Amino acid sequence: MPALLSVSKISKSYRESTGFLGTREKEVLSEVSFELESAQIFAVVGESGSGKSTLARQVVMLEQPDSGEIFLHGKPLQSEAAVHQQIRMIFQNPVASLNPHKRIYQQLEEPLINYAGLSQSERANRIRQSLEHVGLDADQASRFPHMFSGGQRQRITIARALILNPEIIVADEAVSALDVSVQAQILNLILDLKDEMGMSWLFITHDISVVNVIADRVMVLYAGKVMEIGRVKDVLENPLHPYTRKLLECVPKMGASLNMDFNEELSYPDVVVPSTESGCVYRNRCPLADQICRESEPPMISSANQSAACFKA
Amino acid sequence: MKEIILFDDLSNLTPHQEVWYKLRANRSAMTALAVLLFLIAGAVLAPLIAPHDPYEQYTDTLLVPPYLSAESRPGFLLGTDDLGRDMFSRLLYGARYSLFLGFAIVVFSLVSGVMIGAVAGMKRGLTETVILRLMDIMLAVPAILLAIVIVAILGPSLVNAALAVSIVLLPQFVRITRAAVISEMSREYVLASQLDGSKGGRLFFHTILPNISSPLIVLATLSFSSAILDIAALGFLGLGAQPPTPEWGSLLSSSRELIEVAPWTVTLPGLAILVTVLASNLLGDGLRDALDPKVEVR
Amino acid sequence: MNGEPVLLEVEDLSVDFELRGVSINAIQSVSLKVSAGETVGIVGESGSGKSVTSLAIMGLIKEPGFLRSGVVRIFGEDMLKLSRRQRRKYLGRDISMIFQEPTESLNPVFSIAQQIDEVLKSHGSMNHEQRTDRVLELMKIVGMPEPEKTLRSWPHQLSGGMNQRVMIAMAIACNPSLLIADEPTTALDVTVQEQILKLLRRLQQENNMGLIFITHDLSVVSTIADKIIVMYAGQVVELCATDDLFQQALHPYTEALLKSLPENYSSANKRMDSIKGSQPAAGEILPGCRFQPRCNYARELCSQQKPVLNAIEEFSPRAVRCFYPLVYDSGTV
């Protein structure tokens with residue numbers, strides 16, 4: 001049986017200007033592949049420039065990848081209407097993703113009006129249900145977004161995503177802009193919804209510690225390429241790729257003080273290797289890099305439940 | 001520096017109530033609003049208030065000065081002009097022309113400007129370029145000159161003058177709408193609406209328009225004063241209202257030579273134009289502040 | 001810190017905001033002390049008042065904000081009693097600040113060299129050549145790769161991490177005794193954050209500088225601070241040496257905050273420990289403790305009276321604002 005969502009070797013480039021008259025192609029995603037099963041939470045971890053948000057845009061059909069394919073239930077993504085209903089998205093900034101001039105029920109009603117073909121009272125019912133699902137009082141639906149707190153607004157955006165009963169929800173940094181205590185509430189909500197409604201989540205984040213809480217499988221992206229992919233338990237306890245290890249090291253842990261090696265401080269340059277150069281894209285930051293890493297791109301080396309794109313794995 | 005989130009983010013007023021609350025606190029804007037309402041009332045109720053017919057010529061009371069002067073006559077509160085017509089009545093009826101025309105012009109420019117600007121902002125590409133260049137050409141010609149050319153082509157009449165002024169005011173609405181639409185298109189809630197299946201007209205009217213109304217409202221208010229001035233200018237040049245229509249601009253024009261002999265025939269229409277334009281500008285400024293979410297009221 | 005001179009003493013600082021005829025309390029009775037070479041972390045979620053505190057310390061509160069009470073002593077002198085011109089002598093030179101969004105905080109139309117030069121010009125008496133040397137030296141001190149090239153660049157050409165290094169260079173240009181860092185690494189990637197934290201710590205150690213580190217991230221602050229102040233709804237609820245805090249938090253909010261960190265997730269329940277309810281709305285006045293509605297340990301007294309910040313001498317520095325602080329390891333407090 002095919003996976004719910006199958007992303008196969010997608011690549012995407014954008015034109016960017018290099019000074020006065022020149023432009024060049026910047027490869028933002030390069031041959032990214034992964035699979036998402038039903039009732040599964042799949043985390044995509046990456047820092048800025050990793051391509052994770054671009055990946056989200058491809059999956060919801062906001063853009064088309066330059067190469068590669070995306071399959072939903074084994075069939076390529078074709079109809080925008082179908083994708084809008086089956087793969088919904090929530091964003092990082094709950095303030096920015098709600099229309100300040102529209103009441104909550106109007107914003108929740110919009111997808112229903114466009115796609116659901118229900119009568120007005122049926123719509124009102126669905127709106128009520130959706131809000132209750134995310135723990136909000138349905139009587140508040142006639143209010144405007146600014147009358148709610150950040151955490152409540154994020155719940156509203158989740159209600160908007162849920163309202164069409166999608167199979168997949170793409171959460172692009174959905175908890176990154178929230179306070180820690182609110183973040184915990186929203187993570188719990190996502191887990192509850194997954195258990196109750198059985199949808200899958202594509203959870204995009206830069207925070208690897210959140211991955212442990214919420215995800216079943218995780219993929220680590222760097223400069224548009226997949227560095228490591230596997231079950232959360234395996235990747236976090238036994239990372240194969242040096243970048244994954246670096247991410248895990250860098251997460252400040254309570255009670256641990258900083259390693260004050262000055263040389264180490266300088267040795268992590270800010271520059272990412274452009275995709276036009278040969279070799280592994282992580283090589284100029286990798287402590288294990290050597291000749292072969294500079295010459296050719298590493299293949300995915302797999303063990304039982306994990307794969308990493310590294311010669312040294 | 002990060003903005004400190006405070007009271008207004010959790011206020012219990014709807015966006016419209018917020019605007020009204022802030023506007024109410026602005027005294028000059030409220031005064032201006034009162035003045036405008038007063039003028040509009042005068043215009044609407046002209047047939048009831050005006051003591052005389054504005055076209056009636058009282059041949060034995062030519063050039064009578066207004067009330068406070070020694071030689072004033074009862075029944076002619078603001079004096080008469082060189083054909084014995086009551087100034088007060090002419091001004092009242094003139095208000096109907098000027099205010100109504102101003103309003104109609106703004107509505108026409110607003111509606112067509114917003115449509116064209118929306119198309120430019122949402123479609124981008126060649127369509128946008130063509131529209132923008134067309135607007136640039138129109139803006140490159142001095143407003144009055146452009147209006148004169150259009151009226152010259154269509155023939156001098158009040159309707160044609162109004163049309164000409166509408167066309168002259170159009171480019172500003174197009175540009176502002178286009179710029180606002182482009183900035184809106186990058187917002188997350190617009191993206192969310194698109195992912196909800198809204199596009200084209202529905203996306204514009206339902207999602208985008210409520211959020212770009214602020215600069216448009218301000219421009220409309222300020223254009224109102226431009227419209228009145230331009231109509232008056234055209235009237236003054238004889239290209240708009242034709243005598244004996246008591247439009248304020250043509251009142252100015254027909255009494256030009258009398259400025260030394262009977263100054264009230266010139267200053268009163270001029271004053272009327274001044275007050276209206278000033279009031280609408282002050283109201284426009286007040287609205288701009290009230291609509292700006294970053295301007296807070298103490 | 002023992003033996004070190006006290007750089008900054010804040011006592012009983014309160015700030016209100018007056019909006020629409022209502023007076024909203026932003027911070028109340030905030031006190032803290034920073035000695036040379038010490039890092040004090042101020043931790044709080046949004047709305048806790050941590051940013052207002054740093055602005056108040058710098059004397060940057062202006063309408064509609066009003067300072068209701070408080071003393072801010074820098075090197076023994078009450079800053080708030082000085083005129084703006086007198087205060088300006090200190091700001092940027094003896095006490096300086098860095099902010100959250102480095103690229104936004106830099107002027108986009110000036111080169112990096114010009115911006116750092118500007119700081120030196122306004123505070124020092126160096127001539128052009130001396131300034132040029134110092135600017136290059138600063139770039140090297142903050143560990144900037146390719147310093148000369150960076151100096152010729154504009155902020156938008158550099159990454160967030162590099163811009164934050166520039167901000168730090170500008171902040172330490174005149175060798176301040178105290179540096180206030182308001183969420184300096186929140187907008188940065190975690191790998192870059194580590195570098196910036198190390199840089200700050202190193203600068204502090206080399207110059208015996210005092211550092212106030214403001215953040216919402218308890219884990220970050222634990223790696224860099226000597227003592228931590230936890231703020232909630234405008235008040236200081238707990239003050240503690242860093243190690244002691246993670247051994248045992250005394251205030252229910254601190255405990256709840258620690259538990260809701262992702263790293264403390266226990267897969268047993270398969271759920272996070274979250275704090276019920278939400279922060280008091282701006283302007284909401286509670287009769288008792290501000291945390292009481294959300295507190296798992298609240299008792300009757302808590303909704304009736306307001307607790308004050310009690311210093312616990314035996315375990316100094318330690319203070320907690322609670323009628324029933326959580327039991328300490330060695331028995332009741």
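Mentor: A salt bridge here is a side-chain nitrogen of Lys or Arg within 4 Å of a carboxyl oxygen of Asp or Glu. This is a predicted model, in which local features need pLDDT of at least 70 and side-chain atom pairs count only at pLDDT 80 or more, while totals for chains, interfaces and linings use all residues. Residues are numbered from 1 along each chain as its sequence is written, chains are lettered from A and ligands numbered from 1 in the order in which they are written, and side-chain values use heavy atoms, with hydrogens and water left out.

Trainee: OK, how many salt bridges are there across the interface of chain C and chain A?
Mentor: The rule finds three across that interface, and one of the pairs that form a salt bridge is D195(A) with R271(C), whose closest N and O atoms are 3.0 Å apart.

Trainee: And how much area is buried between the two, chain C and chain A?
Mentor: About 3700 Å², with carbon and sulfur atoms giving 56%; buried area is the accessible area (1.4 Å probe) that two parts lose on being put together, summed over both.

Trainee: Switching topic, is strand β3 of chain C buried or exposed?
Mentor: Five of the five residues in β3(C), 39-43, are buried, meaning under 20% relative accessible area (1.4 Å probe, protein chains only). Strands are DSSP runs of E, at least two residues, numbered from the N terminus.

Notes:
Buried means under 20% relative accessible area, exposed over 50%, partly exposed in between (1.4 Å probe, protein chains only). Helices (H or I, at least four residues) and strands (E, at least two) are DSSP runs, numbered from the N terminus.
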